[in-house]
Amino acid sequence: MEIKKFISIITAAAILFAAAFMLPSCKKEQTDNTTTEGSSETETQDIDVPGLTDPLTGQTGYDEKYENSKPIGIVVENHPKARPQWGFTTPDIVMEYEVEGGISRMLWLYSNADKVPEKVGPVRSARHDIVELAIGMDMLFVHCGGSDMALNMIKQHRGTLSEIDGLTYDGCFYRDKSRGVSTEHTLVLTGSGLRQSIADLGLETQVDPAYKKPFSFEKRTLNGNDCTSIHFEYSSSYKYDFTFNETAGKYNPKINGTPCTDENRNECSYTNVLILYVQMADMHDSSGHQDLLLQNGGKGVYISGGKLEEISWTKGETTDKLQLLSADGSPLTLNPGNSYIGFVRSTQQGKSIY
């Protein structure tokens, strides 16, 4: 009995000793877990802090290898025989403007060359106004010929304006004749060909730091009136209606009652819609070319998230940036996402409905 009692005492002591030895270890492990959890929260917060943002959409997650890339600007036509345009749903920004005879033309913008899809077009000729906008954003400019004034402006700025002209260079273009339309509506730019041509031609791909951030972005609710639809007209033949899709948070456009789509009938949609009213003058040439008086600036409206704000804009000289301004004159802040920017003749403003 004495032996058994002695063994019991020894065993109990051993257990107490082990427990006493382990307690600090358990406490330390718990402390380590608390520290690790605290560190994890800090790391998560660091990850949530926005990194690089796309300069044309304001969306986060932009690859740092494109941080200093020139944006790409491609002149695309909008003649009825050019519709539906190849790749219409892919640009970061679509700019549209009146050229001659009441027709409109577009400039599709991508923040870098890798974003350009394999099939874009139909690519058409440049006008001097859109060359001015390209110079004012330090774009790599893609077109097929142009008006005399446009080509002269390109020549004057050849030292700083990177450009590819499909009229004189065919390394990244081909003709798609599957639609049975006349030749001028068939020129296609290929994304892979564009990237290879940029390398082959030794074109500058680094954006001038002064043009690196053309627009300001921050998610917000606009201060103005509700606006779930907008109607505006470039001419009697080019009438637009944009309707807000509340589920998607974007505006879907129709031209003359027909939805704007790409070649696969995917519908276009935009987070931001900006209508910039611009004074225009007839250039009195044989082609009826028009002059957008960009240097005069003007008024406009900004629509996003089912709301509208009155804005203004300026451009200044050829090399000056397009500046979007709030009603108080401060830089306009856009919601992150893609944008449609329409330069509409100021005399057409009375036909706009919002």
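The structure is a predicted model.

The helices come first. Two packed helices are described by the angle between their axes and the distance between the axes. Here, the axes of helix α2 (residues 128-135) and helix α3 (residues 148-156) come within 8 Å and cross at roughly 25 degrees. Angles under 35 degrees count as roughly parallel, and α2 and α3 are therefore roughly parallel to each other. On the α2 side, the contact is made by His-128, Val-131, Glu-132 and Ile-135; α3 contributes Met-149, Ala-150, Met-153 and Ile-154. Sorted by class, the residues in this contact of α2 with α3 are six nonpolar, one polar and one charged.

The strands may be followed from β16, which spans residues 298-304. Strand β16 is mostly covered, as five of its seven residues are buried. One of its partners is strand β13 (residues 272-278), with which β16 pairs in the antiparallel sense over five bridges. Within this pairing, Asn-272 stands opposite Ser-304 in β16. Strand β17 (residues 307-314) also pairs with β16 in the antiparallel sense, over seven bridges, and Ile-303 stands opposite Leu-308 in β17. Strands β16 and β17 form a hairpin with two residues between the strands. In that hairpin, Gly-305 takes a positive phi near 60 degrees.

The cysteines remain to be considered. The structure holds zero disulfides. Cys-172 has a relative accessible area of 1%, and Cys-227 has one of 2%. Buried means under 20% relative accessible area, so Cys-172 is buried, and Cys-227 is likewise buried.

Definitions and conventions: Residues are numbered from 1 along each chain as its sequence is written. This is a predicted model: local features need pLDDT of at least 70, side-chain atom pairs count only at pLDDT 80 or more; totals for chains, interfaces and linings use all residues. Side-chain values use heavy atoms; hydrogens and water are left out. A disulfide is a pair of cysteine sulfur atoms within 2.5 Å. Buried means under 20% relative accessible area, exposed over 50%, partly exposed in between (1.4 Å probe, protein chains only). Axes are lines fitted to C-alpha atoms, for helices over the stretch in contact, and angles run from 0 to 180 degrees between N-to-C directions. Helices (H or I, at least four residues) and strands (E, at least two) are DSSP runs, numbered from the N terminus. Angles under 35 degrees count as roughly parallel, over 145 as roughly antiparallel, 65 to 115 as roughly perpendicular and the rest as oblique. Contact means heavy atoms within 4.5 Å. Ala, Val, Leu, Ile, Met, Phe, Trp, Tyr, Cys and Pro count as nonpolar, Asp, Glu, Lys and Arg as charged, and the others, Gly among them, as polar. Two strands pair if DSSP finds at least two bridges between them.
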